[in-house]
Amino acid sequence: MPDKTHIHSTRNEFPDDPETLGNYPAPLSPPLPPISKQIELSRAMSASSRSSLFSVSPVDVLFQDDWLIVVNKPQGVYCEAVLSSIPRIFGDTAVNSHGLGSQAKHLELHLANRLDRDTSGVMVITKSHKVAAKLVNAFTNHKVKKSYIALCIGPTPIWDKIFVKSGHGRSKFGVWRVYATSDVGRALPGGSVVKEMETSFEILSVNGQGLYKELSETMEDEKNIIVVEEKGINKYSEKKDEILVRALPQSGRTHQIRLHCQYLGIPIRGDVKYEGVYEWKGRKYDGHELHAESLSFEHPVTGLPVLIKAPLPLWASQAMSHHPSP
């Protein structure tokens, strides 16, 4: 059994946070930074405009068969825009050669998984209600393995790999927050409850020095385990590094990786909602740098194992001294 690093609880970590009042559990990650509201509004407006004009290209199709089509979603586009644009590619011969065209009038397209507006990468779309139900059930029951790549800014961690276990929930004003593991199951404002949230992390590079590692089957050899019971790591360090990490969410909570990166003191670059830098080395960022690298699951119809990988975005490739060719 791996050695566990337990972080003991201290309550009311944010005394000015209204969430700490009453009998509700106290969140252990801070409220949204004041700067985030205006930036997020501007990003949402830009994404809406971009999404209204968006059309999936055949080169974005990573996999497809009679039941599924998997695409590489770009940053800054809503999932619904990707879904609605799928029928437009049916007439393209590059895709039609795989059999899409003949099915165009009979498809019942559904999103099997959702990605945040600014998250790029693997997105699965099913072609029938029946297949959708099976695959959504697989996601809900955590039978789908996922990996993500994120570029974080902060002091270099002392760990190479780590497993983080915490609570997750929505605070009084609808903001997702990290909670103590011991608070799992407790009621939150609005009637929801704190749920368990678990993520494995692996550092791939620091300040451009590092080699791309193929996705490991598991991280069961990981001995650094944080069971969250108190406030996160202080991010206010003078030293700021560029840290490329791979994240494997074991649960499927909203903003899970973004929240855990914030908690570890290495928020994702551009993620202003969770304390990520908005400006870095003279450049302003239009979104957070998080990429859905891969999905693996049992095919809902054939039962065969399926592994889908999306090419790395430019920011991820540039963060390593050696990376695979696209």
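I started with the pocket lining: 35 residues line the largest pocket, and Arg-114, Gly-252, Arg-253, Thr-254 and His-255 are the ones nearest its centre. I then looked up which elements give two or more residues to that lining, and found helix 2 (79-85), helix 4 (129-140), strand 6 (145-154), strand 7 (161-170), helix 5 (256-263) and strand 14 (290-298). The volume of the largest pocket came out at about 870 Å³. Sorted by class, its lining holds 14 nonpolar, twelve polar and nine charged residues. I note that the model is predicted.

How many cavities of 30 Å³ or more does the whole structure have? My search found one. The largest cavity holds about 30 Å³ of space. I listed its lining as Phe-54, Val-56, Asp-60, Val-71, Asn-72, Lys-73, Pro-74 and Val-82. Strand 3 (residues 68-73) gives the largest share of this lining, with three residues. By class, I recorded five nonpolar, one polar and two charged residues for the cavity lining.

Last, I looked up Val-164, which sits in strand 7. Is Val-164 buried or exposed? I class Val-164 as buried because its relative accessible area is 0%, and the cut-off for buried is under 20%. Beyond its neighbours within four places in sequence, Val-164 contacts Met-197, Glu-198, Thr-199, Phe-201, Ile-226, Val-228, His-260 and Leu-264. I also noted a C-alpha separation of 8.6 Å between Val-164 and Asn-224, which are 60 residues apart along the chain.

Technical notes
Residues numbered from 1 in each chain as written. Predicted model: local features only at pLDDT ≥ 70, side-chain atom pairs only at ≥ 80, totals over all residues. Heavy atoms only, no water. 1 Å grid on protein atoms, 1.4 Å probe; cavity = no way out; pocket = protein on both sides within 12 Å on 5 of 7 lines; lining within 4 Å. Points joined across faces, edges and corners; volume = space filled by probe spheres on them. Helix = DSSP H or I, 4+ residues; strand = E, 2+ residues; numbered from the N terminus. Nonpolar A, V, L, I, M, F, W, Y, C, P; charged D, E, K, R; others polar. Buried < 20%, exposed > 50% of the residue type's maximum accessible area, 1.4 Å probe, protein only. Contact = heavy atoms within 4.5 Å.
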